[in-house]
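Please look over the structure shown here, and then read the notes on its side-chain pairings that follow.

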Amino acid sequence: MRPSLPFSSVSSAAVGVVIGFGGTVALVVQAGQALGASPSQIVSMLAALTLGIGIPGALLSWRMKMPIVLAWSTPGAALLAATTAGYSWPTAIGAFVTAALLMVVTGLVPVFGRLAARIPSGIASGMLAGVLLPFCMKLFQVAQADLPMIIGLFGVYLTMRRFWPVWSLPVVLGVAFAVLMMRGQLGLPQGTGLFGHLEPVMPRFELTAAIGLAVPLYLVTLASQNLPGLVVLRTAGYEPAANRLIFWTGLGSLIAAPFGGHGVNLAAITAAICTSEEAHPDARQRWKVGVVYGLIYVVVALFAAPLAGLFIGMPAHVLAVITGLALLAPLGGSLSTMMASSHEREAAILTFAATASGMALFGIGAAFWGLVIGTIARMVMKRR
């Protein structure tokens, strides 16, 4: 008789956590630093996100009897880390709350979800590509800071992408930590502690942050994370209630927001790992993989402080290289979608250029202006 929870289910869940967490945790730390969060607040941010992924994911998997695999918003973290509008941490918390409320309303009122989904994919991808481009460019801009280290990490990344692409980022991360440890450049900064903790901050609501930060954060999370996550579940043979999942992920984001959690959503790549036949041969029992995945994230939350501290104390150029390598694949996917439609190509390119420029007008960030410019250009060219 086959066991109800084979070892492959546990290993698939663990691999999903390693790839999801290790691949982009550096970006989450950069996002907190860019918004002026202290080391203690960044620990709280990471603890809130991992709890927001673990607890709702395990409960939803058990309740809906399908592997509901959650993740933090990677494009959302990139958007936050790239902002140049100078928002304070309490103002950023207010934007997180606003974005989460928008996601909750999307789940409750289906018409809002349909309206958001009608944003042309080329323009949405152009905005996301414009957000990601500066991080990928910085990968090469910091080369002179430590050329041997950067060449070595780049070589490891290319080799892993050639033979074991799924493991490329965790291996790069492991090599970077090993080299820094041998050099004596790895240590925990003051103010992080040994265990994760939650540090609430009173949100400050500002109109400029709602327009320039909350709305783009909501849009990239919905278009680049939740919608692809639903596609992964349907491809695996499940028929999830889309509105319910969007509502519950929005509610999870809303609870995590005062502690620094910028957004919890459906996963795509890690979900593909946990919903495959290799994870569990019986599709009806595969929901247990989602439960194990969520419980592992709860354990990660317990040790959020030293995990965050390792990245906070990492040399800035090494952090930039790891982040840039992690975002190369998402950038490629966004550029491909951006250029796919000849009818929207010029508008999408304008969106991309405006967002990548980092322009901030009237205290509103570039991502919003990229959307505005691209939408106007599309309307004019469509009329033509």
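This is a predicted model: local features need pLDDT of at least 70, side-chain atom pairs count only at pLDDT 80 or more; totals for chains, interfaces and linings use all residues.

Tyr 293 is buried, as is Tyr 297.

## Aromatic pairs

A pair of aromatic rings is described by the distance of the centres and the angle of the planes. There are 6 aromatic pairs in the structure, and among them is the one formed by Phe 163 and Trp 164, which is tilted, with 5.8 Å centre to centre and 45° between the planes. Trp 164 counts as exposed, because its relative accessibility of 52% is over the 50% cut-off. The pair of Tyr 293 and Tyr 297 is edge-to-face, at 5.2 Å centre to centre and with 65° between the planes.

## Charges over rings

The charged end of Arg 162 sits over the ring of Phe 163, at 5.0 Å from its centre. The ring of Trp 287, in turn, has the charged end of Lys 65 sitting over it, 4.6 Å from the ring centre.

## Salt bridges

Side chains of opposite charge can pair when their charged atoms come close. The structure holds 2 salt bridges, and one of them joins Arg 183 to Asp 146, with the closest N and O atoms 2.5 Å apart. This pair links distant parts of the chain, since Arg 183 lies in helix α8 (residues 168-183) whereas Asp 146 lies in the loop between α6 (121-141) and α7 (147-163), 37 residues apart. Arg 183 is partly exposed, with a relative accessible area of 40%, while Asp 146, at 12%, is buried.

Arg 378 and Glu 344 also meet through their side chains in a salt bridge, at 3.5 Å from N to O. Here too the pair links distant parts of the chain, with Arg 378 in helix α16 (residues 366-383) and Glu 344 in the loop between α14 and α15 (345-357), 34 residues apart. Arg 378 counts as partly exposed at 26% relative accessibility, whereas Glu 344 counts as buried at 14%.

## The surroundings of His 317

Which residues is His 317 in contact with, leaving aside its neighbours within four places in sequence? They are Val 142, Ala 145 and Asp 146, and Asp 146 is also the salt-bridge partner of Arg 183. His 317 itself is found in helix α14, which covers residues 316-338, and it is buried, because its relative accessible area of 18% is under the 20% cut-off.

Key
Residues are numbered from 1 along each chain as its sequence is written. Side-chain values use heavy atoms; hydrogens and water are left out. Rings of Phe, Tyr and Trp (its six-membered ring) pair if their centres lie within 6.5 Å; planes under 30 degrees apart count as stacked, over 60 as edge-to-face and the rest as tilted. Buried means under 20% relative accessible area, exposed over 50%, partly exposed in between (1.4 Å probe, protein chains only). A charge sits over a ring if NZ of Lys or CZ of Arg is within 6 Å of the ring centre and within 35 degrees of the ring normal. Helices (H or I, at least four residues) and strands (E, at least two) are DSSP runs, numbered from the N terminus. Contact means heavy atoms within 4.5 Å. A salt bridge is a side-chain nitrogen of Lys or Arg within 4 Å of a carboxyl oxygen of Asp or Glu.
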